[in-house]
Amino acid sequence: MAIVFNESQRIFYLHTKSTSYIFGFLNNNLVHIYWGEKLLEIPDVKVCVPYCKRPQSAYNDPENIDIQPDNLPLEFPLYGNTDLRGPMFHAMYEDGSTISDFKYVSHKILSGKSKLSGLPATYGDENEVQTLEIEFFDEKTNVKAILSYSVFYNKNAITRHARYLNCSDKNVVIQKALSANVDFFGNEFEIVSLCGSVLREREIQRLPVPFGETVFDSKRGASGHQRNPFIALVDKNTTEDTGRVYGFSLVYSGNFVMGAEKDSHGTIRVSLGINPFDFSWKLEEGEEFVTPEAVLVYSGDGIGGMSRIYHRLYRENLCRGKYKKIPRPIVLNTWETMHFDFDEDKLIKLAQNGKELGAELLVLDDGWFGKRDDDTSSLGDWTPHPGKLPDGLSGLAEKIKAVGLKFGLWVEPEMISENSKLYSDHPDWCIHVPGRPRSRGRHQLILDYSNREICDYIISVISDILENADISYIKWDMNRNMTEAGSAFLPPDRQRETAHRYMLGLYYVLETLTSKFPDVLFEGCAAGGGRFDGGILHYCPQIWTSDNSDAHDRLEIQYGTSIVYPSCTMAAHVSKSLNVNTRRITPVKTRCDVAMMGQFGLELDIGTTPDDELACISESIKKYKEIRDIIHNGDMYRIKSPFDSNLAVWQFISQDKNKVIVFAVNKLFKINGPFINIRLCDLDGDCIYTDKERGLTYSGNALMNLGLYLKDNSDFESRVFLFEKETKKQ
Ligand code: DGJ
């Protein structure tokens, strides 16, 4: 059984195949007891958690003055029960007070897992997942709280979220409602986060957890390029392959907070959820507020072990739809190829060239609608540009189909240009604070998705497009962050709901469109990888990883992204050299190999690409078609980090473990540098593995222990090894 409640101990045990998460009651306090390697039983709560009288700490039970919540590891910390660290929930009630006192009422253990109303979340059937719901009630305020834990037994993952139901006839104003909280005591941890910028997304940062609060958050109305909704706590000696790792990932695409608060006893409180900054939510009688989902993963096998758990879960229990497992088309995208400068003839020529190379789908990126010849106009006017597409989208789609490619389209439906018909018809349809200037980003404003009428309008516009042309793929872009987060449609006391209502609106639009058009592959994008999170992955099984397509920089961007997100979610394209952003020249083979580590695509003008490069791209496409299932559905091992060395090495192994592919890419060549040996992972030591291309055979043991010696000859040099396992043993 995954979930067990021990009545006599009053302890909840949440077991996965290899881990346990344990919490229980110390008198009335729900305390966190343990999370880590599987542990079937523990002695009495009192001997497992630290509780002792500390000077200056208050207590709320005069019979037990040594039970001081401020010093306990709490599972559901609240403001008002003498714990003075950050609470998981904070609200203002009709009498002006902000104290909550939720008392345990009951719990139930259910098979399967319910959807989170209006929010993206992991899913699984009754054989895969079991759910614990614990109900609490505050008798003074008449508010009910439900903590929900779902255990994916075989996947070694636990998800959490909370719900708050106003059972009173008075309003409650929620000021903070986080998704999960875990208090770790007795550990000296370091914290791993993914930080970066536009064109430099998700660099890995690792720092000791200091006393005080360490916060990684977003206040941008999107999860953002700058920080990802993920952190992990690791022991000082944890490596990629060994040691304890506690991962926290939030399935949410808006303003988030991921915090680690270390108190004077060294207890580290990790909490995550919607950012309470500029947030509040008025809960009227009978209404419920649901928090986004937090995904908690423990691994004793280092950071790589944690990543593989997230990869499997997100691949199989978060991403959805037709393209979840099957090979996705190799796209040829027009953006870096022609930007705004195209017409039908150029597109058809490009498609023909792409077809010859082996591409499978042409994506018409920005510039196809309204009067859009640069980025200053037309967002909102989603009708074909008459000068560029005389036969409209359906005419173009047919012509592309006749060439033998599928047709895909870029849209940016969350935005509005002031220079558009939509804006002149509806100047109040953008996010803004009435009476204040409206800041532009990339000359554009954001449509107010907190308003359902606007969401429905967008659904009808995009539906029309998809119903009237043969479109197999949509690239859903979003190119600016939210600044004046206000809505013309919300009353003053709900203005601070705008950013979260916007996300609920976006999820509603995406849910409706992806359900209505199940054959269309949706790819997420936000000025590159500005919204690379579990929320978007629930609707779009792949995301444009970064606008930086430079092969050298992509090593770090894709490596950092892979800490949480599987390779199949990372769109990766071969672009031209000199790179448009970095002005760097890299060999075409390297550009191809780096793109092969994700969802391979092309984004260059084939007509002006030299023949030798085209030959290499064509070969790479052939190879990719052979191996894409391994990249898509296999397990990934990071063998060498481009953040720590001059070399990046990744290994993918197919689900049946019969095929292994290794990518090794240099950054800068080091003259007379150290010799390099890489050791592979997860092979059968007794079996023979053949590298047909080089005509070599190795035992699994040799590959895992002796390893492969890599000759290092030049900057950005890339090598790919494909091994096939022989059925016979050594
Ligand atoms: C930003 C995206 O990341 C690019 O790939 C491209 O689609 C542009 N927007 C188009 O404006």
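Where in the chain does Leu-578 lie? Leu-578 is found in the loop between β29 and α11, where strands (E, at least two residues) and helices (H or I, at least four residues) are DSSP runs numbered from the N terminus. The peptide bond that leads from Ser-577 to Leu-578 is cis, with omega near 5°. The structure is a predicted model, in which local features need pLDDT of at least 70, side-chain atom pairs count only at pLDDT 80 or more, and totals for chains, interfaces and linings use all residues. Residues are numbered from 1 along each chain as its sequence is written, and side-chain values use heavy atoms, with hydrogens and water left out.

Strand β21 (residues 331-333) pairs with strand β30 (residues 599-603) in the parallel sense, over 2 bridges. Within this pair, Val-331 has Gly-601 of β30 as its bridge partner.

A second sheet is open. Here 4 strands follow the order β1-β2-β3-β4 with antiparallel pairing. Its edges are β1 (3-6) and β4 (29-37), each of which pairs on one side only. The twist in this sheet averages 15° from one strand to the next. Strands β1 and β2 (residues 11-15) run antiparallel and are joined by 4 bridges, and Phe-5 has Phe-12 in β2 as its bridge partner.

Now to the ligand. Of the 13 residues around the ligand, those that come nearest are Asp-365, Asp-366, Lys-475, Asp-477 and Asp-547; a residue is near a molecule if one of its heavy atoms lies within 4 Å of it. The shell divides into 5 nonpolar, 2 polar and 6 charged residues, with Asp, Glu, Lys and Arg counted as charged, Ala, Val, Leu, Ile, Met, Phe, Trp, Tyr, Cys and Pro as nonpolar, and the others, Gly among them, as polar. Polar contacts are pairs of N or O atoms within 3.5 Å. An N or O atom in the side chain of Asp-366 is 2.6 Å from an oxygen atom of the ligand. For Asp-477, a side-chain N or O atom is 2.7 Å from a nitrogen atom of the ligand, and a polar side-chain atom of Asn-479 lies 3.4 Å from a ligand nitrogen atom. The protein covers 98% of the 300 Å² of accessible area that the ligand has on its own, as given by the Shrake-Rupley method with a 1.4 Å probe.

Notes
A polar contact is a pair of N or O atoms within 3.5 Å; within protein, one must be able to donate a hydrogen and the other to accept it, and residues adjacent in sequence count only if both atoms are side-chain atoms. Two strands pair if DSSP finds at least two bridges between them. Axes are lines fitted to C-alpha atoms, for helices over the stretch in contact, and angles run from 0 to 180 degrees between N-to-C directions.
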